[in-house]
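Open the model in your viewer and keep the sequence panel beside it. We will begin with the whole fold and then select one piece after another.

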Amino acid sequence: MEIIVPSVSHFNDCWQPFIKLFQLYWPNCPYKVSLITTDPRIGNSQGYDSRISFNKDNGWSANLDKSLDSWEEFVLLFQDDFFLSSKVDNSFVEEAYDVIKTFPKVNCVRLYPCPGADKHLFDKLGVIDEDAEYRVSCQVAIWKTDHL
């Protein structure tokens, strides 16, 4: 699994605080962090392990869609303006990652419960009803790349 952060160059004011807070609250992150951007000058010198850059901004979702072939089966999606504000629990992230790898019908595991689950399955994980509002979220979540 790799962490991906889709963005565009006109949101570059978010990138430095994102990385600073990410490193502060998840210093032992075991995953590579990649920025999807329209700015070819940005790279690991800014704290990202890698980047995918597009010469032209085709829109957030089109840029994300074009980049998905670059990763394996699972990605952890972050937004560039979603700043961590407390320590990340690696064991919870691993538990969520195990769930999406183990259950074929699970295509996304949201790590930010807003709103939370309609039915709880495990200690901190559950299911959101198919017809629930805000069922799909772009906040922190593990996705199967073929469903993202």
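Colour the chain from the N terminus onward and follow its elements in the order β-α-β-β-α-β-α-β-β-β-β. That gives 3 helices and 8 strands, where helices (H or I, at least four residues) and strands (E, at least two) are DSSP runs numbered from the N terminus. This is a predicted model, so local features need pLDDT of at least 70 and side-chain atom pairs count only at pLDDT 80 or more, while totals for chains, interfaces and linings use all residues. Residues are numbered from 1 along each chain as its sequence is written, and side-chain values use heavy atoms, with hydrogens and water left out.

Of the 148 residues, 41% are buried; buried means under 20% relative accessible area, exposed over 50%, and partly exposed in between (1.4 Å probe, protein chains only). Among contacts (heavy atoms within 4.5 Å) between residues at least 6 apart in sequence, 68% join residues at least 24 apart.

Next, select helix α3, residues 90-102.

Still on α3, pick D98 and K101, which sit 3 residues apart, about one turn of the helix. They form a salt bridge, with the closest N and O atoms 3.6 Å apart; the rule asks for a side-chain nitrogen of Lys or Arg within 4 Å of a carboxyl oxygen of Asp or Glu. By this rule the count comes to 1 salt bridge. Both partners are partly exposed, D98 at 37% relative accessibility and K101 at 42%.

For the last stop, jump to T145, in the segment after β8 (141-144). Is T145 buried or exposed? With a relative accessible area of 13%, T145 is buried. Its side chain reaches the backbone oxygen of E72 at 3.2 Å. Leaving aside residues up to four places away in sequence, T145 touches L68, W71, E72, E73, F74 and V75.

Note on methods: A polar contact is a pair of N or O atoms within 3.5 Å; within protein, one must be able to donate a hydrogen and the other to accept it, and residues adjacent in sequence count only if both atoms are side-chain atoms.
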